[in-house]
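Please look over the sequence and the structure below.

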Amino acid sequence: MNTKKLLLYGLASLYFTGNAVAQEAKNEETLYRSNYHFTPKNNWMNDPNGLFYAEGVYHLYFQYWPYGNTWGPMHWGHATSKDLVKWEEQPIALYPDRFGYIFSGSAAYDTQNSSLLGQNGKAPAVAIFTYHDPVKEKAGKIDVESQGLAYSIDNGQTWTKYDEGNPIIKNPGIRDFRDPKVNRDWINNRWILVLAAQDKAQFYASENLKDWKYLSDFGLGVGAHGGVWECPDFFPLKVKGTNEIKWVLLQSLNPGGANGGSGTQYFIGDFDGKHFTLDKTFAQTLSTEKAAWLDYGRDNYAAVTWGGTPDEQYKRYLIGWMTNWDYANVVPTQTWRGANTVVRELELVKDNQGYKITTIPVKNLENYIVNTEVQKKISVKKSADILTKNKIDFTKADISLTMSQLKKGMYTLVLSNEDGDELRFGIDNTKEELFVDRSKSSNATGFHKFTAWGSKAKLEGLQKKTKLRFLLDKTSIELFYNDGQKVLTEIFYTKSPFTRLSIESNQNFEIDNLTINQLDFK
Ligand code: FRU
């Protein structure tokens, strides 16, 4: 081949390869880019960080590697929302510096300027995060992680590192020492911080967000300990419908989650200003079940909350990273990797078995309903087609149904398409379990752990009547049982969108109410 031909050949193959890459990116955009769950435009995202609310805007930061689609040296990405449903990505907020990468952490809007970091009457937002020093790590040192501070006086858009005081919490000789979560302690009128110290949570208190006093540890011998503890959150909540206050600790761990890999557990108890002690009935629950999980699904990790505003002190909104460290680095998207769960309202309820946390989708999601169809009293003789594609777009749907006259047996909802993908979920009323089976829903090859069966959660006895609500996006299902008493979040990657929803059972039963909400986010 002469040089000219070679050049032409080279250009042509570049063109075709370039085209193939562009085509692939387009396919994954169409097939896998979430309709309403937050995803970064490009590259790698993990944990939600720095959640705070100021002047009508909710801020969400996230663990971000801007130059690659697998985990890398961590920055904080940024996104904002006015309603906790629609997100707009913003410029990168925090970059690594001489102390290391910027690992997970939190933020507070310091309305009273207790930190004295405000300027010209403008209250500062204060971020407290983990510095992870890769040089020390490489040298095999223990004191790799410490806590740093940065502040913003332009509503979280740009940040200044607090160089004169960093790190504000030094490493006490614990290798895994990270993920500080700061909250306003309305009861003791100060700031409270919790961080993960290997296999425990550690509590600190401060008047000014800069000087922190160590209070106590929690966690030895309680709850799940299958892996290292990470990303805690700690706050007071009112028991629903009462004025009784209890303290809640959220505690992620990896591995050792409810159905393997990453998961977030919770604890309910009392806090005397220094020590957190488990509520007695809650402790009893733990003695039989070992751990209480915020979500029993495989795909809700590092879940943390937005703190209440001064007028909504006990309101908590939760968001999690919707994947699992078991396979997060290999899910089949190239342009970006990682999505968040839908924002959920977190409540503390008390029933005759004691206290528990429930989570349901944020109410504002209702504002995106463009069509609702309700069907009442459907008698199901073992199986029935519920919906087909010409009725609904299953990639943005919020569907609820109440089933009654249930007996022992299986009650399985089946989403399917013409390409042979299936997602099966529902109630196994013989084993008394809620389940999601995604083993036939995946186009993805080469990452065996992902195609693992799915997840299940034990229910409290035989179900006679059950309410299920599920949110669907292109690659996720979030299944809420009885107003969020148990939740399963699972991701999947199908060859084409689902086109049909049916229900199968080995029993006859009733669907009292089926509500199909079509969502749209244009
Ligand atoms: C949890 C986690 C955190 C850490 C961050 C690093 O997923 O391991 O403990 O701060 O991710 O990206």
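The briefing below goes topic by topic.

This is a predicted model: local features need pLDDT of at least 70, side-chain atom pairs count only at pLDDT 80 or more, and totals for chains, interfaces and linings use all residues. Residues are numbered from 1 along each chain as its sequence is written, and side-chain values use heavy atoms, with hydrogens and water left out.

**Ligand site**

- The shell around the ligand holds Asn46, Asp47, Gln63, Trp71, Met74, Phe103, Ser104, Arg178, Asp179, Glu230, Tyr301 and Trp325 (a residue is near a molecule if one of its heavy atoms lies within 4 Å of it).
- By class, the shell residues are five nonpolar, three polar and four charged (Ala, Val, Leu, Ile, Met, Phe, Trp, Tyr, Cys and Pro count as nonpolar, Asp, Glu, Lys and Arg as charged, and the others, Gly among them, as polar).
- Asn46 places a side-chain N or O atom 3.0 Å from a ligand oxygen (a polar contact is a pair of N or O atoms within 3.5 Å; within protein, one must be able to donate a hydrogen and the other to accept it, and residues adjacent in sequence count only if both atoms are side-chain atoms).
- Asp47 has a polar side-chain atom 2.7 Å from an oxygen atom of the ligand.
- For Arg178, a polar side-chain atom also lies 2.7 Å from a ligand oxygen.
- The ligand taken alone exposes 320 Å², and the protein buries 95% of that (accessible areas come from the Shrake-Rupley method with a 1.4 Å probe; for residues, only the protein chains shown count as cover).
- Two or more shell residues each come from β1 (43-54), β5 (101-109) and β9 (177-185) (helices, H or I with at least four residues, and strands, E with at least two, are DSSP runs numbered from the N terminus).

**Domains**

- The chain is assigned domain 1 (1-32), domain 2 (33-361) and domain 3 (368-519) (bounds come from an automatic or database domain assignment).
- Four residues from domain 1 and eight residues from domain 3 make the contact (heavy atoms within 4.5 Å).
- Domain 1 and domain 3 bury about 440 Å² between them, 53% of it on carbon and sulfur atoms (buried area is the accessible area, 1.4 Å probe, that two parts lose on being put together, summed over both).
- On the domain 1 side, Thr30, Leu31 and Tyr32 lose the most area to domain 3, together 95% of what that side buries.

**Backbone features**

- Asn166 and Pro167 are joined by a cis peptide bond, with omega about -5°.
- Pro167 sits in the loop between β8 (160-161) and β9.
- The Asn254 to Pro255 peptide bond is cis, with omega near -10°.
- Pro255 lies in the loop between β14 (245-254) and β15 (263-271).
- Gln198 is not a glycine, yet has a positive phi of about 65°.
- The loop between β10 (190-197) and β11 (200-206) holds Gln198.
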